[in-house]
Amino acid sequence: MIDAFTLPEWAALAPPLLLALTALVLFAYDSINPRSTNRPVLAGVAVVGALASLVTAVWFTLAGTGADGPDAGYDLWFVVGDSVTGTGAIDLFGGQLVVDQMALFFMIVVAVVTALVAVASYDYMAGHAYQAEYYSLLLLAATGMSTMAAANSLVTIFIALELASLPSYALVAILKDNRGSVEAGLKYFLIGALSSAIFVYGISLVYGATGHLQLEAIAEMIATGEADAYSGLLGLGIVMLIGGFAFKTASVPFHFWAPEAYEGAPAPIAAFLSSASKAAGFVILFRVFTTAFPLETTTAVIGLDWTIAFIILAIVTMTVGNFAAATQQNVKRMLAYSSVGHAGYALIGLAALTVDGGELVLGAAMMHLLVYGFMNTGAFLFVGLAEYWGVGRTFDAYNGLAARAPVACAALAVFMFSLAGIPPFGGFWSKYFLFTGALEAASANSALLLVAAALVVNSALSLYYYSRLVKAVWINDADPSLDRDFGGTPTGLYAAILFAAVMTVVLLPAFGPVADLAIDAASAVLVS
Amino acid sequence: METAFELAPAIVLLPLAAFVVALLFGNYMPKKGALAGIVATAGSLLLSLYVMAAVATGGQHQETYFTWAAGDAVSETGVPTIEFTFGTLLDPLSALMLVIVSLIAFLVHVFSLGYMNDEGETGLPRYYAELGLFTFSMLAFVIADNLLMAFMFFELVGLCSYLLIGFWFRTESAPSAAKKAFLVTRFGDYFFLLGVVAIGATFGTLAFQGDGSFVAAAGEAIDNGETLFGFGAETWVTITGLLVLGGVIGKSAQFPLHTWLPDAMEGPTTVSALIHAATMVAAGVYLVARMFGYYALSPTALGIIAFVGGFTALFAATMGVVKDDIKQVLAYSTISQYGYMMLGLGVGGYVAGVFHLMNHAFFKALLFLGAGAVIVLMHHEQDMWKMGGLKDKAPIVYYTFLAGALALAGIVPFSGFWSKDEILFDAIIVGLNEPIFLAAYAMGLLAVFFTGFYTFRMVFLTFHGEPRSDAARDPHPVSWNIKFPLLTLGVLALVAGIANLAPVYKLTGLEITYLEFWLDGQYGGYADLTYSAYGDTVPFGTDYIGSETITLLIAAGLGLGLAVGGAVFAMVLYNVPEPEPHTENLGSARTVLRSNYYQDEYQVWLAENLTLPLARAADRFDQTVIDGVVNGVSSVSLFGSGRMKRLQTGVVTNYAALLIVGFIVLLVVLGVLGGWFV
Amino acid sequence: MTVGIEYYVLLSLALFCIGLFGVLTRRNALMFLMSVELMLNAANINLIAFAFYHGNLTGQVFALFTMALAAAEVAVGLGIILVLYRNFRDVDVTVPSEMRW
C-alpha cells in the first residue's frame, strides 16, 4: 500500500471547487468561441467536471474526511488529514465553511444529479443555440448547491444560495422563445427575489439579536443567554430564515413557484432543480437548525420549540403537494407537485428532532434526499425523453408508450413505485425510517403522531397518481388515431434514465452502508 | 464417506438443473428435454446410492447450508432465538427415501420416452421441466433437516403435481382435476402451516434431529410437566402434531381429504406413477416417519393416525371393487395402501410403515407404468371392459403387471405380503394390549380381502378372457423404453420383501431383518432417530395370543387367507372368456360405491351451502362497507385535490400574496405559542 | 447624541413593509423588482445599524455582499423581463398565467 499523500485542508472543498472550475472552463470556451454548438465537447466537459466532483466527494467520504473517531475511513492514496483517526469536521476560513460527513453526503447528491442532468441534456438540448452558456450556468448552479452543503455561516449560506438561485432562474427561462419557459422563469425569479429579500431580512434580525453570522458563534450567544433580550427579534428572524429555506426546498407556503417552474423549464433543469436544489436547500436547513439554533438553548430563548414550525410545515407541505398532484392531467406538473410533497416528507427530519435524539430521523431525511435524487431525476428525465419524442404532456398522451420504449418504461415504473414507497425499491426504506423516526419522537411530542399519520395518508394517495402513470404507459393502449413518429433512441437520455433506475434499485441492498453513513453524518451535526 | 455427504446437495440440484435445461432448451433437444431429465435423475440415483452406502458404513450427516432469517423471538419454552434455515439431514430414513425417489423418477423418465415421446404428445419440454421440478421438490423435501424447509418443499411438491395433473390443460377435466388436487391438499396444508408456526413458537426450533430439535424439546417439556399455551405439554404436542397431520392427510389422500386423488388420474399415467409411488402421496407418510419421534410422544395422535389409516384402507378398498377404469382401480388401491402405512405408523410400527412405503413405491410404480403400457397397447382406452386377452399379446407387460398385482394383493412371497403382514402383526399385538386398536386392525384385515378381489378383478378383466374390442385384438406394440422400467420394477416387486423378512426371523431366528437394522441405526445414523429410540417412546404395550409365534402365524394366516380368498373369488367371477359385470348384482350398494360414498357430493354440498354463503356475505361486506369507505375516501380526496390545486391561480401576484399570508399565519401561530407579542 | 437602535429597526421595518406593499400591488415587473430592492435595502439598514450597535464589522461587510448580490439579481431579472417582453409584448407580471392549477 502506498503511503497516503496528505492534502492541505482547503482541498476538502474539492467537490465544489471542481464544479466551479468546470463552469469557468466552459465560460472561457464560450468567450473564445461564442457560437459553438459543439455538444460532445461541451456536454463532455460538464459531465467530466460533475463526475470529478462526485468521485472526490465519494473518495473523501471513504477516506473518512470530516469524520471522527477511530476507523473513520480507509487509508486511500490521497487524503485530507489523517484518514485512520479521522479529521473531525474541517473548519475553513474561520468557520465560514465546514466540510463534514453531511457536507460530503450532499455534495455527492448534487454531483450525481448534475452528472445525470448533464448527460441527459446532451440529447434534450440538441438544436439549441446557446450550449456553452447552458452548461456553464448548470455547473455554476451546481457549484452554489455544493457550496451550500459546506456553508457554515449565514454569509456563506446566503452567497451560496444566491449562486445556486441566479443561474437557476436563467436556466428555467433558457428556452427564450418558449412562452412556458419564460413564464416559468419569471415566476420563479419573482418569488425567488421576494423570498431572498425575506431571507436577508431574517439574517439581519438574527444578526441583530446575536451580533454574529457564523453559526457556532450564534449558537454560543444563544447558549450564554446574551440573546435573551431579543427573543422576539430572534424568533421573527428564525421564521424569516425558514421562509428562505422553504423557498429553496419548495415547501408550503413558499412553493408557489415550483409547479410552474418545473412544468415550464426544460425537463433536465426541472430534474436538477427538484432534486439537487431541493437537497441543497435541505442541507442548509439542517445545518442552520442543528448548529446555530440547538433545540434546547433556543427553546429557552424564544420560548418555543422550533420543531413545531416544521411539524406544521411538514404536514401542510406533504398534504398540499400530494393532494394537488392527485388530479393533475399533465405528467410534468404531477411530478412537480409530488416534488413538493416529498419536501414535506424530508421536513420530518427536522420536525421529529428531539433534545436528546433524532439522528435516526435526520439521517432518514438525508437518505430520502439521496434516493430522491435518483428516482425523481429519473422520472423528470423520462418526461424529458417523452418531450424529446414529442409525445405530448398529458397522461393520455403517454398511453401505450411501453410498446415503443419498454426499457425506459420499466425504469419509469421503478421510479414511480420507488417514489410511492413500495418495498423492493430504495424509496421504501427512507420513507420507512422517516415513519419510524416520527413514531419514536411521538413519545416526546404527540403532534408527531399527526405527522406520521399524514405521511401514511399522503403516501397512500401518492400511490394513486404514481400508479396512474405506470398504468398509462404499460396498460392503456395508445390512441390509434395518433400517428406518432418517434425519433431515434437518444443515448444520453437513456443512459441517464437507466443509471438512475439501476441506482434506485441497487440502493435497497446497499441501504445498510448508506443508512449508516447518513445516520453518522446526522449524529455528527447534532452533537457538534 | 464425507464426499458422499458433500455431494448430497447435488442429488437435489441435478433435477433442478434438468428443469431449467428442459424449460429453456427442451425444444431444441433431440428428445425434447427427456435426456436432460434422464441424465439428471440417473445422476441423482447414483449419488443417492453413494449416500446410502455411506450411511450403511456408519455415516450420518446434518449440515445447515443457508440461514435465511434469524430472530430474537422468545419461544414458549424460553428459547431466546429462532432461526430459519435450509439444511440436509442424511440418515437411514432419508437415504432410503432418496434412493426410492430417484429410482422411481429415473424409471418414470425412461418410461415417458415410450409413453409421451413415442405417442407424439406436444408440450414435452414443459412436461419434462415439470417432472424435473417435481423430482427436485420431493428430493429437497426428503433431505430437509427442519420442519419449515419440509413445509416449503411440501408445498412445491403440491404445486408441481398441480401442474402435471393439469398437463393436458386444453381438456375440460384435467384443469378441473388439477385445481381440485391443489385446493384439497392446500386445505390440509393450511393446518400444516399452523402446525409449523405452533411448533416454532412453542419450542423455538424446527430442527428434526439432535438435542436442539423440537422433538427433544417436546419430550423434555412433557417430562417436566410444563404448561404450553395453557395446555398440558402432552395435549399441546397432540394438538400441534394433529395440525401437521392435516397436511399429511391431504397429501397422502387419507379420509376425508382423499377425494382429489382419483380425479388426479387425469394427468399422464407416468405422472400418476410418480405421484403415487414416490412423490406427492408418499410425502405425507414420509413426513410422519420423519417426525415419528414427535408423534410417539402422544398416544392420542398415534391412535388417530392408526384409525384414520385403518379406516381409509378399508374405505378405499371397497370403492376400488366397482371401478371400471384401470387407473381408477389403482387410484383407490393407492389410497388404501397409504392407509395401511398410516395404520402401521399409528400403532408404533415405524419399520413396518417405512417397509410398506418402500415396497408400495416399487409395486405401485410398476402397476401404474404397467397400466400405462396397457393404455399404450389399447390405443388410449382405459375401460377394462373393453380390454381382455392381452396376456398372450404382451407377455412382458402381463407378467410384470401380475408381479405387481400379487405384491399389491399381499400374496406370499411378493414384497407386499411381507410389509402388509408386518403392519397387521404390529396392529394386532398392540390391539391385544389395548383392545380399541383391534377395531383398526379389523378394518385393515378386512381391507385385505377387498384388495385381493379388486386387484385380480383388474388383472383378469385386462389380460384374461377374450379380447372385447378391436383395440384389444390388435394392440399397439410397446418398445424397450416401456419394458425396461417394467422389468426393473417387476423384479423389485418380487424380491424387495427380502429386505425385512420379519416373520422368518421370528420363526427361525435368522437375523435377516435388514431394514429393521438399517432403520435402527445399526449401520449408521443418529441415535435419536432410530427404531429403538422410537420404540422407547411409543406408549403402547403389546400382548400375544399364546406366544409370539402363534400370534404371528395366526395374523399371517388370516392376512394371506383373506388375500388369496379375494383373489380366488375374483378368479371365479372374472377369469372366464366372457366375464359379466357381476358388481351390478350389488344393487344399491353398488350405487353407493360407484358414487364413492358421496364423498364428493358432501364436500361440494359443504362448499356450496356453507362456504359459499359465508364467502358471499364476506364479499358483500367487502363490496359495500369496506369498498364504500375506500371509495368515499378516494372521492373526498380527489375532490379535495381539485380544490387544492385551485390555489395555484397562475397569477404571480396572487402567489406573492398567498405566500405572505401563509408566512404571516405561520408567524402568528408561532408567535402566539412562543409568547413573542406580549 | 446617538440614535437608539430601535429607531433603525423601525425604519428598516417600514421600508420592508413598503417594499412588500409594492410587491403585492404592482403589476409592472420593473416596479416589482424595485420593490424587492427596497426590501433588500431594509435588511441592509438593519445590518449596518446592528454592526454599529454590536461593534463588529460583520454586518457592514455582509451589507456589501447583499448589495452586490442584489445587483446580480437585478441583472438576471432584467434579462428575464426582457424575454418576457419579447414573448408577451408586455411587462405586466399578471399576464403570463397560462400555467395554473
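How many helices and how many strands does the secondary structure of chain C come to? It comes to three helices and zero strands, where helices (H or I, at least four residues) and strands (E, at least two) are DSSP runs, numbered from the N terminus.

## About the model

This is a predicted model, in which local features need pLDDT of at least 70, side-chain atom pairs count only at pLDDT 80 or more, and totals for chains, interfaces and linings use all residues. Residues are numbered from 1 along each chain as its sequence is written, while chains are lettered from A and ligands numbered from 1 in the order in which they are written.

## Chain C

Read from the N terminus, the elements of chain C follow the order α-α-α. The chain has 101 residues, and 42% of them are buried. A residue is buried if 20 or more other C-beta atoms lie within 10 Å of its own, exposed if 12 or fewer, and partly exposed in between, with C-beta atoms placed from the backbone. Of the contacts in chain C with a separation of 6 or more, 44% join residues 24 or more positions apart. Two residues are in contact if their C-beta atoms, placed from the backbone, lie within 7 Å.

C:V9 is part of helix α1 (residues 5-25) of chain C. C:V9 counts as buried because it has 20 C-beta neighbours inside 10 Å. Between C:V9 and C:A42 there is a sequence separation of 33 residues, and their C-alpha atoms are 8.8 Å apart in space.

## Transmembrane regions in the record

An unreviewed UniProt entry lists residues 6-24, 36-55 and 61-85 of chain C under "transmembrane region". UniProt positions are given in the numbering used here, feature names are shortened, and annotations may be inferred rather than shown by experiment.

In the model, residues 6-24 of chain C are 100% helix and 0% strand, with 26 Å between the end C-alpha atoms. Residues 61-85 of chain C are also 100% helix and 0% strand, and their end C-alpha atoms lie 36 Å apart.

## Chain A

Chain A contains 20 helices and four strands. It has 528 residues, of which 69% count as buried. Residues 24 or more positions apart make up 79% of the chain A contacts with a separation of 6 or more.

Helix α2 (residues 39-63) and helix α4 (residues 131-150) of chain A have axes that come within 9 Å and cross at roughly 10°. Axes are lines fitted to C-alpha atoms, for helices over the stretch in contact, and angles run from 0 to 180 degrees between N-to-C directions. α2(A) and α4(A) are therefore roughly parallel to each other; angles under 35 degrees count as roughly parallel, over 145 as roughly antiparallel, 65 to 115 as roughly perpendicular and the rest as oblique. Among the residues in this contact are A:L42 and A:A46 of α2(A), and A:Y135 and A:L138 of α4(A). By class, the contact of α2(A) with α4(A) has nine nonpolar, four polar and one charged residues. Ala, Val, Leu, Ile, Met, Phe, Trp, Tyr, Cys and Pro count as nonpolar, Asp, Glu, Lys and Arg as charged, and the others, Gly among them, as polar.

## Where chain B meets chain A

The contact takes 24 residues from chain B and 27 residues from chain A. On the side of chain B that touches chain A, the elements giving two or more residues are α27 (599-644) and α28 (652-674) of chain B. α28(B) gives the most to this side, with 14 residues. By class, the side of chain B that touches chain A has 14 nonpolar, nine polar and one charged residues.
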